[in-house]
Amino acid sequence: MIVDVVVAAGGQGRRLGGDVAKQWLTIGDRTIFERSVEACAASPRVRGIVAVVPAVDLEPARALAMAAAGTKFLAIVPGGARRQDSVAAGLAAVPGDADVVLVHDAARPFVSAAVFDRVIDAAASSGVAIAAARVHDTVKHVIGEGGRRWVDGTIPRDDLALAQTPQGFRRDALAVLLPSMTAPDEVTDEASLAERCGYRVEVVEGHPDNVKITTEDDLRRARRLLAGDAPGLPTTRIGLGYDSHRFAEDRRLYVGGVHVPGTRGLAGHSDGDAVCHAVTDAVLGAAGIGDIGGLFPDTDPAWKDADSLALLRDAFGRVRAAGWRVGNVDIVVICHRPRIGPLASAIRASLAGALATTPDRIGVKGKTPEGTSALEDAMIVHVVALLER
Ligand code: MG
């Protein structure tokens, strides 16, 4: 029996990752997408894999899909506007000799070969089959009234199943299903289309670990599951940042994104904001994803007079996409002028905005060189940053 899989990663939902669609977020060292493709390829029953990704991501995703699927890579195709359009595009790229085609959601990276076996066998015998989880909580039907919610009844949970993927379709079922996918009404899984086409859909046991990563909590749990960390305990990483710039005439002074009038500014290719530079290095270092010089080279004219707070925001977006949030950041600024104390609360607020955190997690204190530094006419900044996930 020839079995191929369509891995559906056509969605562009950015709810989870800020600037990044969720399939490109990482769990450990690999994206959710790669892990899902790998999990499909790990099933010995699967011959080949077709991936569907947003058109804008097609080229970078091709290398990821080829590496993750290995010899089982068949094709990667651009998705459509709706989930069912993306899946239809994937199904169209599956070779005609497949006996059973599975559709698997790329947001479910923890699917096991045993679940694949059950869906493949059931689809081969029944035409259409889905993996589903049992419902363990008591399920209430709820109605809204007067701005509050009220129980309207209790639904027998033995009659319920939570649909997962993979969902499997025998070749004859696919032939019936495909034309229905272009219909104007939108569905959230392919099995519902099969139901409408008159198929009896067989339900086989999924697995509680085969979760769909939808919320920040799911992502955090998935990362902990993989890291083997004790549940509930945050993983932490620490980073150190340092920068120094000399004072110069005819420059505006920026300290942590705050413009300080009436004082000489700092020399530099960018706006010279040494606090932002040191914080950027500290958070990048803690996340293990490089440094400011690598991301924004001072040989690149693009960063001439650049707004360093914007660079920090950009860098922290990458830190966040790798799964980290700020535990705390502590900053020491060494200079004669300006006096840092009166600026501290403005600096903390400014940095908190760029680091998606609150000012109470950011410390700023000033020190004077007291004649001990060879860099008397400079601003020197030390930063330590703790990241959590
Ligand atoms: Mg610098």
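D250 counts as exposed, because its relative accessibility is 82% (exposed means over 50% relative accessible area, buried under 20%, partly exposed in between, with a 1.4 Å probe and protein chains only). D250 sits in the loop between strand 12 (236-248) and strand 13 (253-255). Helices (H or I, at least four residues) and strands (E, at least two) are DSSP runs, numbered from the N terminus.

This is a predicted model, in which local features need pLDDT of at least 70, side-chain atom pairs count only at pLDDT 80 or more, and totals for chains, interfaces and linings use all residues. Residues are numbered from 1 along each chain as its sequence is written, and side-chain values use heavy atoms, with hydrogens and water left out.

**Backbone angles**

- Most residues other than glycine have a negative phi, and most peptide bonds are trans.
- D250 has a positive phi, near 60°, and is not a glycine.
- D305 also has a positive phi, near 55°, in a residue other than glycine.
- D305 lies in the loop between helix 9 (292-295) and helix 10 (308-321).
- D305 counts as partly exposed, because its relative accessibility is 46%.
- The peptide bond from R337 to P338 is cis, with omega near 0°.
- P338 belongs to the loop between strand 16 (325-334) and helix 11 (344-354).

**T165 and its surroundings**

- T165 is part of strand 10 (residues 161-170), and P166 is found in strand 10 too.
- The peptide bond joining T165 to P166 is cis, with omega near 10°.
- Is T165 buried or exposed? T165 counts as buried, because its relative accessibility is 5%.
- A polar atom of the T165 side chain lies 2.9 Å from the backbone nitrogen of D105. A polar contact is a pair of N or O atoms within 3.5 Å; within protein, one must be able to donate a hydrogen and the other to accept it, and residues adjacent in sequence count only if both atoms are side-chain atoms.
- Leaving out residues up to four places away in sequence, T165 touches R83, V103, H104, D105, R108, V111, A131 and N210 (contact means heavy atoms within 4.5 Å).

**The magnesium site**

- Which residues coordinate the magnesium ion? They are D243 (OD), H245 (NE2) and H277 (ND1), at 2.1 to 2.2 Å.
- Donors are N, O and S atoms within 2.8 Å of the metal (3.2 Å for Na, K and Ca); water is not among the atoms, so sites may look incomplete.
- Along the chain, the donors of the magnesium ion follow the spacing D-x1-H-x31-H.
- D243 lies in strand 12 and H277 in helix 8 (residues 274-287), so this pair ties together parts that are 34 residues apart in sequence.
- D243 and H277 are buried.

**Helix 8**

- Helix 8 has 14 residues and reaches 20 Å from its first C-alpha to its last.
- That is close to the 20 Å expected at 1.5 Å a residue (the expected span is 1.5 Å times one less than the number of residues).
- Helix 8 is mostly covered, with 13 of its 14 residues buried.
- G288 follows helix 8 and has a positive phi, near 70°.

- What is the order of the strands in the open sheet of 7 strands? The order is 5-4-1-6-10-7-11, with mixed pairing (two strands pair if DSSP finds at least two bridges between them).
- Strand 5 (73-78) and strand 11 (201-205) stand at the edges with a single partner strand each, so one side of each has no neighbour in the sheet.
- From one strand to the next, the twist averages 25°. Axes are lines fitted to C-alpha atoms, for helices over the stretch in contact, and angles run from 0 to 180 degrees between N-to-C directions.
- Strand 1 (residues 3-8) pairs with strand 6 (residues 100-105) in the parallel sense, over 6 bridges.
- D4 stands opposite V101 in strand 6.
- Helix 1 (residues 32-41) packs on the sheet and touches strand 1, strand 4 (48-53) and strand 6. The direction of helix 1 makes about 160° with that of strand 4.
- Helix 2 (residues 58-69) packs on the sheet as well, touching strand 4 and strand 5. The direction of helix 2 makes about 160° with that of strand 5.

**P369**

- P369 is found in the loop between strand 17 (362-367) and strand 18 (378-388).
- P369 is buried, because its relative accessible area is 4%.
- P369 touches I334, C335, H336 and E376, not counting residues up to four places away in sequence.
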